Amino acid sequence: MPRYTVHVRGEWLAVPCQDAQLTVGWLGREAVRRYIKNKPDNGGFASVDDVHFLVRRCKGLGLLDNGDRLEVALEDNEFVEVVIEGDAMSPDFIPSQPEGVYLYSKYREPEKYIDLDGDSLTTEDLVNLGKGHYKIKLTPAAEKKVQKSREVIDSITKEKTVVYGITTGFGKFARTVIPINKLQELQVNLVRSHSSGVGKPLIPERCRMLLALRINVLAKGYSGISLETLKQVIEMFNASCLPYVPEKGTVGASGDLAPLSHLALGLIGEGKMWSPKSGWADAKYVLEAHGLKPVILKPKEGLALINGTQMITSLGCEAVERASAIARQADIVAALTLEVLKGTTKAFDTDIHALRPHRGQIEVAFRFRSLLDSDHHPSEIAESHRFCDHVQDAYTLRCCPQVHGVVNDTIAFVKNIITIELNSATDNPMVFANRGETISGGNFHGEYPAKALDYLAIGIHELAAISERRIERLCNPSLSELPAFLVAEGGLNSGFMIAHCTAAALVSENKALCHPSSVDSLSTSAATEDHVSMGGWAARKALRVIEHVEQVLAIELLAACQGIEFLRPLKTTTPLEKVYDLVRSVVRPWIKDRFMAPDIEAAHRLLLEQKVWEVAAPYIEKYRMEHIPESRPLSPTAFSLKFLHKKSTKIPETEDL
């Protein structure tokens, strides 16, 4: 018998249908009838006949015709919404599709798997899991470790040993012993009471990362979760059933309790859940629609699911990967600006940087040479001012290796800490199967990733700070020798005037966001947890800083390409011409004023998708091969041939250069 899950005024109703020949209109009326029946005041309606409504799919929000037959219009177990005419939408209403769901509009269930063992997950792996590129399975070794760990917990409960979080309460209630017949209830109560977060839910991509990372930590075999429960959680991940996890509420010790509790709440079939098939709905309905059963928590399993730094670390993973991507593309954008401003490449000389051999500085200087070396890539623009009396450039051009370089080194430092954290056991208590005991400790404290992500925000911000100054130089005719604000008929047209203001506003906002959250601490849990990391805010604001950096560099990229227009017919180097062509494939030249925000968004998308890097990287690597041992790539952020291979990007032949 077909069954549909219907959303009416904030409530979810399961509506069975005995006859598939019935219509969408019947389904809407039946859902409204059940809604009215459940309300003491009949929901404000005299009868179902007084209700006028529209019916739409939860996935994609497409309107349905009330006259269509259900067997034609809907699939079994599909999720739909009944929208009652005259209802005003509450500003607090959770839409069927979360923010950023366009990323999932092309969602296809992945066929490939990543094997998790708790020891070898990388930042790149976790980001790809978040994007839905892979399913998860455990290695045989991980399964054995999980089973051995669970045997210790079963022994504790059988022998009625007093152990924190297993046979006692939590936090201030650590000395309260719980009766054996209440141990399962204890775990459920823990999850429910700790689900106290607020704010917007994590977008699907980030919730997938959070869930995948928690699975990886559980796979280490120090948490005491049963293999049966862990496999249930993996099935939910593989079906993309993602609980409602508010982004705010963690203080980063004892772990990320509030967000991980919301994650666990969905896994036990309570609260809200999202999947590509259903949109937002009650968790029990989403699980049922995917043929899954809610987890029934055994002793210690609630604590095993919610104790750890996975919220901080999963968001930190995204931050590190996005920071790496924008840092290497910032070099390309800055090189293009230097060309437009007719700067000199002398400041990037190998011997200068050998005297101050920071790895990031050396790598950035090398990238500039690889893009601007006139012997390797003849530039008509560079040739046009070869014999000018210009000696040196402003710091925003001349000091890019020093400024961009330390950003690369900062990212490398932070990536190392985040990678260690990805594969660390952060529970309390820890279950040591080889010793047959549990030990209480403090691995749940988020100070490591919190401090690292505060540092990342401070470091990456400088890319926006220096980029904004370069935008000023491009827009200011006294500094650029270009038309004011990069537009013809200035006065009639304003050109990039306010785009520069936007960049300045973002840089100013970043200055406040770069204040370290981890310098703060507030005592919680009746002074039991008397020092915390505030790492959740460190991670969230690092992502905001990085987004602002991307947007500022998008504006610089547009401004530099617009500057090229006023230097035509002269051409720049081959790799930078390729970058120019890429930008012009999505944004046309600025001839007169037009709506600019879509152009900025289009350029931002190019940077997010690393298209600028993909275009220039083959030339950078070709140059590297021809100048070994002059340069060595910076491993955490440098281009890898493996990346090129995946993207099927052809390294240009010499004659193409």
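Predicted model: local features only at pLDDT ≥ 70, side-chain atom pairs only at ≥ 80, totals over all residues.
1. Basis. Residues are numbered from 1 along each chain as its sequence is written. Local features need pLDDT of at least 70 and side-chain atom pairs count only at pLDDT 80 or more, while totals for chains, interfaces and linings use all residues, and side-chain values use heavy atoms, with hydrogens and water left out.

2. Domains. The chain is split into domain 1 (3–84), domain 2 (112–307) and domain 3 (316–641); these bounds come from an automatic or database domain assignment. Taken over C-alpha atoms, the centres of domain 2 and domain 3 are 36 Å apart.

3. Interface of domain 2 and domain 3. Contact (heavy atoms within 4.5 Å) involves 42 residues of domain 2 and 38 residues of domain 3. The buried area is about 3000 Å², with 58% of it given by carbon and sulfur atoms; buried area is the accessible area (1.4 Å probe) that two parts lose on being put together, summed over both. Of the area that domain 2 buries against domain 3, 20% is supplied by Thr123, Tyr222 and Val251, more than any other three residues.

4. Salt bridges. Between domain 2 and domain 3 the count is 3 salt bridges, each a side-chain nitrogen of Lys or Arg within 4 Å of a carboxyl oxygen of Asp or Glu. Arg206 and Glu318 form a salt bridge in which the closest N and O atoms are 2.7 Å apart.

5. Aromatic pairs. Rings of Phe, Tyr and Trp (its six-membered ring) pair if their centres lie within 6.5 Å; planes under 30 degrees apart count as stacked, over 60 as edge-to-face and the rest as tilted. The count by this rule is 8 aromatic pairs. One of them is Trp12 with Phe79, edge-to-face at 5.9 Å centre to centre and 65° between the planes. This pair links distant parts of the chain, 67 residues apart: Trp12 is in strand S2 (residues 11–16) and Phe79 in strand S5 (residues 79–84). Strands (E, at least two residues) and helices (H or I, at least four) are DSSP runs numbered from the N terminus. Trp12 and Phe79 are both buried, that is, under 20% relative accessible area; exposed means over 50% and partly exposed in between (1.4 Å probe, protein chains only).

6. A helix pair. Phe413 and Tyr455 are also edge-to-face, at 5.6 Å centre to centre with 70° between the planes. Phe413 in helix H16 (residues 400–422) and Tyr455 in helix H17 (residues 447–475) are 42 residues apart. Phe413 has 44% relative accessibility and so counts as partly exposed; Tyr455, at 37%, is partly exposed.

7. Charges over rings. The rule asks for NZ of Lys or CZ of Arg within 6 Å of the ring centre and within 35 degrees of the ring normal. Lys284 lies over the face of Tyr285, 5.4 Å from the ring centre. The charged end of Arg568 sits 4.7 Å from the ring centre of Tyr580, over the ring.
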